[in-house]
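Please read them beside the coordinates.

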Amino acid sequence: MLIECRCSTVCSIGDDLLIDLRNQVFHEYQITCPGCYEVYDVGMKVTPHTKDYGYRDKDTLVDLYVHREYSMQEIADKYGATPMTIHNWLTKHEIPTRTTGRSSV
Ligand SMILES: [Zn+2]
């Protein structure tokens, strides 16, 4: 990321910047302009994209896939995911997948 200082010097925030999302979602650090030595506090908030990951929940998957007999494709469409993702989560939760014809999924 680059920041242009008031003195028009472009300051670079190092490429080695690592934001550890396991521990924090807010990252704060200082950069010093190499041109005028102005010091800036930079804060960056990083949050997961607010997507509906309901399909990751075992109960939800069992309800949709087993009880309501949705196909992987239908569940994928519902959540804006791919059938492969749904398949992975079904497998992860040890929910037996239906092999209704070796079609696309
Ligand atoms: Zn400057």
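1. His27 has Met44 of strand 4 as its bridge partner. Strand 3 (residues 26-32) and strand 4 are paired antiparallel over seven bridges; strands count as paired if DSSP finds at least two bridges between them. The two strands form a hairpin with six residues between them, and Tyr37 in the turn has a positive phi of about 65 degrees.

2. This is a predicted model, in which local features need pLDDT of at least 70 and side-chain atom pairs count only at pLDDT 80 or more, while totals for chains, interfaces and linings use all residues. Residues are numbered from 1 along each chain as its sequence is written.

3. The chain has three helices and four strands, in the order β-β-β-β-α-α-α along the sequence. Helices (H or I, at least four residues) and strands (E, at least two) are DSSP runs, numbered from the N terminus.

4. Of the 105 residues in the chain, 10% are buried. Buried means that 20 or more other C-beta atoms lie within 10 Å of the residue's own, exposed means 12 or fewer, and partly exposed is in between, with C-beta atoms placed from the backbone. Strand 4 (residues 39-45) lies largely in the open, because zero of its seven residues are buried.

5. Among contacts between residues at least 6 apart in sequence, 42% join residues at least 24 apart. A contact requires C-beta atoms, placed from the backbone, within 7 Å of each other.

6. Helix 2 (residues 72-79) packs on helix 3 (residues 83-92) at an angle of about 110 degrees, with the axes 8 Å apart. Helix 2 is therefore roughly perpendicular to helix 3, the class for angles of 65 to 115 degrees (under 35 is roughly parallel, over 145 roughly antiparallel, the rest oblique). Axes are lines fitted to C-alpha atoms, for helices over the stretch in contact, and angles run from 0 to 180 degrees between N-to-C directions.

7. Met72, Gln73, Ile75 and Ala76 of helix 2 make this contact with Pro83, Thr85, Ile86 and His87 of helix 3. The contact residues divide into five nonpolar, three polar and no charged.

8. Glu69 counts as exposed because it has 9 C-beta neighbours inside 10 Å.

9. Glu94, in the segment after helix 3, also is not a glycine and has a positive phi of about 55 degrees. Glu94 is exposed, with 7 other C-beta atoms within 10 Å.

Terms used. Two residues are in contact if their C-beta atoms, placed from the backbone, lie within 7 Å. Ala, Val, Leu, Ile, Met, Phe, Trp, Tyr, Cys and Pro count as nonpolar, Asp, Glu, Lys and Arg as charged, and the others, Gly among them, as polar.
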